[in-house]
2 protein chains.
Amino acid sequence: MSGEQELGITESKEHNPGDWYAEVVQKAKLADYAPMGGFIVTRPRGYALWEAIKDNLDGWFKETGAQNAYFPMFIPEGYLEREKDIVEGFDPEVAWVTHGGYDELEERLAVRPTSESIIAPFMAKWVRSYRDLPLRLNQWNSVVRWEATETKPFFRTKEFLWQEGHTAHASESGAWEEMTLRLDQYQRLYEDVLAIPVLRGRKPEHDKFPGADTTTTVEALMPDGKTVQGGTSHYLGQSFADAFDISFVDEDEDERIAHTTSWGLSWRSIGALIMTHSDDQGLVLPPTVAQEQVVIVPIWQEDTKETVLQYASEIAAELQDAGIRVKLDDRDERNPGFKFNEWELKGVPVRLEIGPNEVDDEEVTVVHRPDGETITDDRGDIVESLRDHLDEVYAKLYAAAEENLEENIREASSRNEILGTIGQHGGYVKAPWCGDEACETEVKEQIHAEVVMVPFDEDEEPIGETCAVCGDEAETTAYFAKSY
Amino acid sequence: MSGEQELGITESKEHNPGDWYAEVVQKAKLADYAPMGGFIVTRPRGYALWEAIKDNLDGWFKETGAQNAYFPMFIPEGYLEREKDIVEGFDPEVAWVTHGGYDELEERLAVRPTSESIIAPFMAKWVRSYRDLPLRLNQWNSVVRWEATETKPFFRTKEFLWQEGHTAHASESGAWEEMTLRLDQYQRLYEDVLAIPVLRGRKPEHDKFPGADTTTTVEALMPDGKTVQGGTSHYLGQSFADAFDISFVDEDEDERIAHTTSWGLSWRSIGALIMTHSDDQGLVLPPTVAQEQVVIVPIWQEDTKETVLQYASEIAAELQDAGIRVKLDDRDERNPGFKFNEWELKGVPVRLEIGPNEVDDEEVTVVHRPDGETITDDRGDIVESLRDHLDEVYAKLYAAAEENLEENIREASSRNEILGTIGQHGGYVKAPWCGDEACETEVKEQIHAEVVMVPFDEDEEPIGETCAVCGDEAETTAYFAKSY
């Protein structure tokens, strides 16, 4: 069992966010580093967060027509090659299987970096008629991208868990609606489950998914001023369908090419969750995904132990019956102070403190994890009041994240203003942009900020007529930011 | 859309079970063959079966203290080597990653064939005190074993989906109970969810999991007389804990070595499910795992269409509200006969036929998939009666499988009797056995049957005093059978 000295977070979120993040992940037992650089071990408390995300999304996907499937984790090199008519390809990032047992393989196998090239040929085989469309497949799996960067659990790992959806449609509008629907579901996940408001938009032309017509994204602003690409949904146009021959016979017996989409959300969402809400005491979780929503810490002396534990157990049972995930920490060998610290570290949203006074007064002392707010409640309507507390905690977390977002969208009308504003404040800087990658490069080379998003036309008016960088005609408003 | 000619199963389960199986799997759209030999694509109808299995087991695992985690899919060669003190190792069956991007790796990475060697070192790191025990981890993942055999979907594939549980305990009895608990849960899955009775026992010494003290198994007898190893649960003793240093400080402050277990069940269970119940019309599924439990096929002429569809829709809505998974097949372009065939092929347990007569008489015609039994029921208590029908279908499937099992356990007291009985009937042959692999080999070389199981001591008395093969003293009763 860990000693007390191991419990505390020693790094500061404000001053050293990178080390702080790594410390929270390890001490809250979410993940550990694997022996190979770039890989992590996801521990039960970390995996439970992924299960919560998965259960929510998977339910929404199924309600809206997506079906889960499973394609092989290996893709023959020739299949990846086939994509190259339309995309640059994943070659530099692919882990290659070259031997099976003692024998060298005739053809190398890629460990999937994403599955378009193995799924598309089967879509082509399965789709014959317009009646087979839309075809909506999804899989929950792990993929490997061999990027040589420093490991950051859930943010940057060579292997990561995600879902990848792949759909085919008879019409452009059908595929476009699909892309939007999945982006909506990603937004819902962040806003209604993870307590993180997001911005929606599309990626600039040069930053689209290879081969895609349009890449859309939800972006979440972290407290350190960097943005996280929270999930992407692509309208692939007909390029993949053309390359892989996904065609169908329409109602008039004409042969037509399908329109396809793909969409993915990874465990980076766990990274955004940790980074957004947690603090120098450790993990902070919204009740929606917390393994324990409420922890009860009984406080006793020898002579009060029995009554206190009795009272606490009854409350625990009542909450559990009501479907609230509650943990009664009745360990003998730890004092209440230790327990407070431990459950704060693990991010339990609400703590109930129960001592002899609470028993005598038929009350409970309720403490909110995010801000330490302490409330005394009647024992009588404990279920009702706890539900309210959990909602309040969620609202507090969301409000704090929303405030951070709103305060950190600024405008700029010149290159220097973009650089200066991001340099000083971080966050998003909106600027009129010509759409040319060169103008982004000028910013990127100076401060590693890029165009992370272009708002959908219907959402925002252009904020200027000439590009803030080059002075040519502005095509759109761009959001510049540093990105994870 | 598939033409009618594609719907029918052309092979015979009785006369050509291998081809029949492959045809059912493909035509019922459970799986397709991947471009690389040994790999399959699991289609939504196949994956839904895996999800049903997973949901059941995962719930039971969690109720009994197991926590899900996720370990990397790659294992450094040196980690696999470390196991070799205790086990022979998986070398001949390992797929090796040798390159990341354009670069050769310094150390080869094995695509996990199973995860003991990557999980055990982390157990060693996480376990410090007796308070950290038992530690019960489980993961749902895919593993790769490079075996060069003919592909048989769900039975023999190089990559397969499974769960692998790994636990550490303070005492031998704790680990032994764990092993038994998981075997119980596997039995429950087969008997209460898949409608397949199983036998329980342990594997002979020479066929244990490498390094294990005891390997236990549930065995399911297929209609073709071969047995399927349905899931295995191992008591690993202290060998892995010793090799990987999984030790802990006990209540007396003494350092002790843990006892470990592992247990796994794969998508082979889907194979056993298909093989057991399906027939020459296609897939047959128990209602527990069927995506559609009830299909309603309306039968109309132009003048009755509206009333028939109205009546059928109301029934569909009522069943759905009651939580029954129902599909109303109101397609215009297909006639009822076609629909009957299609849903039979897909294994829907119960069909409701609704035509003008049913509407007039306020009745429904109910057809059971497995045997075509046809019943007329009142419209009034449709939910109640459908629940009964679904239970009946389950009971019919179970009873048929049980009959097959009971009729195919025979006894033998000599080598020739073992050979003759299995040669003639298949199934299990019980014989007294000295425990020596050589005696098994004599049988194996003749008819490819082996000792698939030794019943637990408490379950069965030895049936003879001398080994049926060599005549030496019998140590136990062995079940000989051909095996998938």
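# Exercises on a predicted two-chain model

In chain B, helix α5(B) is followed by B:A195, a residue whose phi is positive, near 60°.

## Exercise 1. Helix α5 of chain B

Task: Compare the reach of α5 (residues 172-193) of chain B with the span expected at 1.5 Å a residue, and state which of its residues are buried.

Solution. Begin with the length: the helix has 22 residues, and from its first C-alpha to its last it reaches 31 Å, which is close to the expected 32 Å. Next, consider burial, for which the cut-off is a relative accessible area under 20%. The buried residues of α5(B) are B:A175, B:E178, B:M179, B:R182, B:L183, B:Q185, B:Y186, B:Q187, B:L189, B:Y190, B:E191 and B:V193. Finally, look past the end of the helix, where B:A195 follows with its positive phi.

## Exercise 2. Backbone exceptions

Solution. Most residues other than glycine have a negative phi, and most peptide bonds are trans. In chain A, A:P134 belongs to the loop between α4 (116-126) and β7 (135-144), and in chain B, B:P134 lies in the loop between α4 (116-126) and β7 (135-144) of that chain.

## Exercise 3. The 11-stranded sheet of chain B

Task: Give the strand order of the open sheet of 11 strands in chain B, identify its edges, and say which strands are touched by helices α2 and α13.

Solution. First write the order, which is β3-β7-β8-β14-β11-β10-β9-β22-β23-β21-β20, with mixed pairing. The edges are β3 (67-68) and β20 (409-411) of chain B; each has a single partner strand, so one side of each is left without a neighbour in the sheet. Now examine one pair within the order: β7(B) and β8 (residues 159-169) of chain B run antiparallel and are joined by 10 bridges, with B:N141 standing opposite B:W162 in β8(B).

Helix α2 (residues 44-63) of chain B packs on this sheet, where it touches β3, β7, β8 and β14 (259-266), and its direction makes about 165° with that of β7(B). Helix α13 (residues 437-447) of chain B also packs on the sheet, touching β21 (428-433), β22 (449-455) and β23 (476-482), and its direction makes about 135° with that of β22(B).

## Exercise 4. The two chains together

Task: State what rotation superposes chain B on chain A, and trace the 6-stranded sheet that contains strands of both chains.

Solution. Start with the superposition: a rotation of 180° with 0.0 Å of shift along its axis places chain B on chain A, at an RMSD of 0.0 Å. That is the relation of a two-fold axis, and in chain B the C-alpha nearest the axis, that of B:V97, is 2.1 Å from it. As for the interface, 100% of the interface residues of chain B are also interface residues in chain A, so the copies meet through the same surface.

β4 (residues 74-76) and β6 (residues 103-111) of chain A pair in the antiparallel sense over 3 bridges, and the bridge partner of A:F74 in β6(A) is A:V111. β5 (residues 95-100) of chain A pairs with β6(A), again antiparallel, over 4 bridges, and A:V97 stands opposite A:L109. β5(A) and β6(A) form a hairpin with 2 residues between them, and A:G101 in the turn has a positive phi of about 65°.

Lastly, read across both chains: the open sheet has the order β4(A)-β6(A)-β5(A)-β5(B)-β6(B)-β4(B), with antiparallel pairing. The β4 strands of chains A and B stand at the edges, each with a single partner strand, so one side of each is left without a neighbour in the sheet.

Definitions and conventions:
Residues are numbered from 1 along each chain as its sequence is written. Chains are lettered from A and ligands numbered from 1 in the order in which they are written. This is a predicted model: local features need pLDDT of at least 70, side-chain atom pairs count only at pLDDT 80 or more; totals for chains, interfaces and linings use all residues. Side-chain values use heavy atoms; hydrogens and water are left out. Copies are superposed by least squares on the C-alpha atoms of residues with pLDDT of at least 70 in both. Contact means heavy atoms within 4.5 Å. The expected span of a helix is 1.5 Å times one less than its number of residues. Buried means under 20% relative accessible area, exposed over 50%, partly exposed in between (1.4 Å probe, protein chains only). Two strands pair if DSSP finds at least two bridges between them. Axes are lines fitted to C-alpha atoms, for helices over the stretch in contact, and angles run from 0 to 180 degrees between N-to-C directions.
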